[in-house]
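Me: I am new to reading protein models and would like a close look at one part of this one. Please take the packed helices and the loops around them, and explain them step by step.

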Amino acid sequence: MLKSPLQIARSSYQPKLPVALKGNVVLKEGEATQSVADHEEIKALFPNTYGMPILSMVKGEKKPMEPMNVGVILSGGQAPGGHNVISGLYDGLKNLNPQNKLYGFLGGPSGLIEHKYVELTGDIINEYRNTGGFDIIGSGRTKLEEPWQFDKGIEICHELGIRAIVIIGGDDSNTNACVLAEYYLQKGCGIQVIGCPKTIDGDLKNSQIETSFGFDTACKTYSELIGNIQRDANSAKKYWHFIRLMGRSASHIALECALQSQPNICLISEEVEAKNMTLNDIVDGIIKVIVARADAGLNFGTILIPEGLIEFIPAMRRLIAELNDLLATNEGFNALETEDEKRQFVKACLSPESSALFRDLPKGIARQLMLDRDPHGNVQVSQIETEKLLIEMVAKRLAVMKASGTYKGKFSALGHFFGYEGRCAIPSNFDADYCYSIGITATWLIAGGKSGYMALVQNLTAPASEWQAGGVPITMMMNMEKRAGKMKPVIQKALVDLEGAPFKYLAAHRDEWADANTSYIYPGPIQYYGPSEVCDQPTHTLKLEKGAFED
């Protein structure tokens, strides 16, 4: 198989490993934990995994270990670095005992249920070190939530002698991991379950998890593209670029890309919700900047838009919540044939306020809101072209202003969506190192007999040699939320903190970035080789949160 020069070079990259994970490791227990909310409900649902202590890894005496087999699952959307988690897991297992085996379940959680797997040998692993994507075993979005599914997992694990399963995924996938761990403990079947924090969205973080893997690489990839567009905009001087960025439930990607590239406008969904803004309010803010720049002779600019913006507009959120419930429970909707019939049906079932809003939406947006839900019962916001909606609304308003003489500029707009471009990028040095450490950490959690934990690597703004490893109980991150019309235990998503340092930095500089003195930064491509201050830096978000950012 032909490979690019970069692929060949990256295959020999040796991820930097924390001193804390070199040599033999033992687990040190901290204090007991509790869930972030809904303590009694979560405790009742997870009696065997609730209240477990946070674990840290410290040096210890080497002990002989019996051979053990482990299974690994890639779950949910792709994120750069997943292959390095598996590489770290493989190397960790072989270092513990060369007879250990690692099995990969194919196509995500469904591979566990359908007994589709492959033994991951050294030859296979070596082909995927430091590469992007999840193609080593594939991924999927099958939810593990039914006892029959868990029992099918027991069958194949016992057949293969698998003692532990590692699930690499986001908040929903790790919620599934916790449910699976609880069930296997109740059954006493001798199968441990460990989770690993993955999502480019950056919303799987908390007091213990500093960042999810893939976020660093994806943001650097998007920021390069944004910088390229800004250089073009500053050269052609005739287009406004409306750039929608992946991240359905939180605006971490948009915020980080703004910190890296300094666009003229960056919308933050959480701010829109906090200020109870309407679509018209958002358009007003955009027009204010466009008009001011036009008055200075600048008929161009860049606007960053979070993918999930439309769900954070309070009135839109109420509409979407009603639609989610309606489409999850009403089979009559699916029997309708035409879009017009579906639209009329939905309008008749909504509350008067939501029905009026739905009626006023462009038909294209209304159609996108009625599309099939994802496996978790949520609207698929990646298919809602918010950037086109905003372009249409801004253009109409500016046309009226031009006719009245209050706007004298020229408005030409281009829409972009950056999503899949970043999910499978070759991992940055940070993600390559971080993911490899996560894999090694998961190995030690298994060796320590733990289940229901997420692999934990901290102190990430320091050099990799100084990172600290451990484990955090998944139940510690959980609360109860409404999903597909029912209350379910889920890991609480981390939204952008409007009182946090990253957002405050944006808020303090947004007027400067919007004005006539164009302040664009052109980050360029991800750097894999060169001085550490260029190649090994974490995100601006992480550095600001840890007080390590230098302006």
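Reply: What follows goes through the helix pairs and then a handful of single residues.

The model is predicted. Two packed helices are described by the angle between their axes and the distance between the axes. That gives a plain way to begin with each pair.

Take helix α6, residues 147–160, and helix α7, residues 171–187. Their axes come within 11 Å and cross at roughly 70°. An angle from 65 to 115 degrees counts as roughly perpendicular, so α6 and α7 are roughly perpendicular to each other. The crossing in which α6 passes α7 is right-handed. On the α6 side, the residues that meet α7 are Pro 147, Phe 150, Asp 151, Gly 153 and Ile 154. Their partners in α7 are Val 179, Leu 180, Tyr 183, Tyr 184 and Lys 187. Sorted by class, this contact holds seven nonpolar residues, one polar residue and two charged residues.

The next pair is α8, residues 215–236, with helix α9, residues 252–261. Here the axes come within 9 Å, and the crossing angle is roughly 55°. That angle makes α8 and α9 oblique to each other. The crossing of α8 and α9 is right-handed. From α8, the contact takes in Phe 215, Cys 219, Lys 220, Tyr 222, Ser 223, Ile 226 and Gln 230. From α9, it takes in His 252, Ile 253, Glu 256, Cys 257, Gln 260 and Ser 261. By class, six of the residues in the contact of α8 with α9 are nonpolar, five are polar and two are charged.

Arg 343, Val 346 and Lys 347 are the α15 residues in the contact, and they meet Ser 355, Phe 358 and Arg 359 of α16. This contact has two nonpolar residues, one polar residue and three charged residues.

Now to the loops. The loop between β8, residues 192–197, and α8 is where Glu 210 is placed. Glu 210 has 12% relative accessibility and therefore counts as buried, the cut-off being under 20%. Setting aside its neighbours within four places in sequence, Glu 210 is in contact with Lys 205, Gln 458, Asn 459, Leu 460, Leu 542, Glu 545 and Lys 546. With Asn 459 there is more detail: a polar atom of the Glu 210 side chain lies 2.9 Å from the backbone nitrogen of Asn 459.

Asn 459 itself belongs to the loop between β13, residues 453–458, and β14, residues 468–473. Its relative accessibility is 33%, so Asn 459 counts as partly exposed. Most residues other than glycine have a negative phi. The phi of Asn 459, however, is positive, near 65°. Asp 38 also has a positive phi, near 55°. Asp 38 lies in the loop between β1, residues 25–32, and α2, residues 39–45. At 27% relative accessibility, Asp 38 counts as partly exposed.

Another loop residue is Asn 517, between α21, residues 501–514, and α22, residues 532–535. A relative accessible area of 61% makes Asn 517 exposed. Asn 517 and Ala 296 are 221 residues apart along the chain, and their C-alpha atoms are separated by 9.6 Å.

Two residues inside helices complete the tour. Gly 82 is found in helix α3, residues 82–96, and is buried, with a relative accessible area of 0%. Not counting residues up to four places away in sequence, Gly 82 touches Phe 134, Ile 168 and Phe 213. The C-alpha atom of Gly 82 is separated by 21 Å from that of Glu 256, a residue 174 places away along the chain. Glu 256 is one of the α9 residues in the contact with α8.

Leu 6 is placed in helix α1, residues 5–11. With 31% relative accessibility, Leu 6 counts as partly exposed. Leaving out residues up to four places away in sequence, Leu 6 touches Ile 426, Tyr 528 and Tyr 529. Between Leu 6 and Gly 60 there are 54 residues of separation along the chain, and their C-alpha atoms are separated by 39 Å.

How values were computed:
Residues are numbered from 1 along each chain as its sequence is written. This is a predicted model: local features need pLDDT of at least 70, side-chain atom pairs count only at pLDDT 80 or more; totals for chains, interfaces and linings use all residues. Side-chain values use heavy atoms; hydrogens and water are left out. Axes are lines fitted to C-alpha atoms, for helices over the stretch in contact, and angles run from 0 to 180 degrees between N-to-C directions. Helices (H or I, at least four residues) and strands (E, at least two) are DSSP runs, numbered from the N terminus. Angles under 35 degrees count as roughly parallel, over 145 as roughly antiparallel, 65 to 115 as roughly perpendicular and the rest as oblique. A crossing is left-handed if the near helix is turned anticlockwise from the far one by less than a right angle, and right-handed if clockwise. Contact means heavy atoms within 4.5 Å. Ala, Val, Leu, Ile, Met, Phe, Trp, Tyr, Cys and Pro count as nonpolar, Asp, Glu, Lys and Arg as charged, and the others, Gly among them, as polar. Buried means under 20% relative accessible area, exposed over 50%, partly exposed in between (1.4 Å probe, protein chains only). A polar contact is a pair of N or O atoms within 3.5 Å; within protein, one must be able to donate a hydrogen and the other to accept it, and residues adjacent in sequence count only if both atoms are side-chain atoms.
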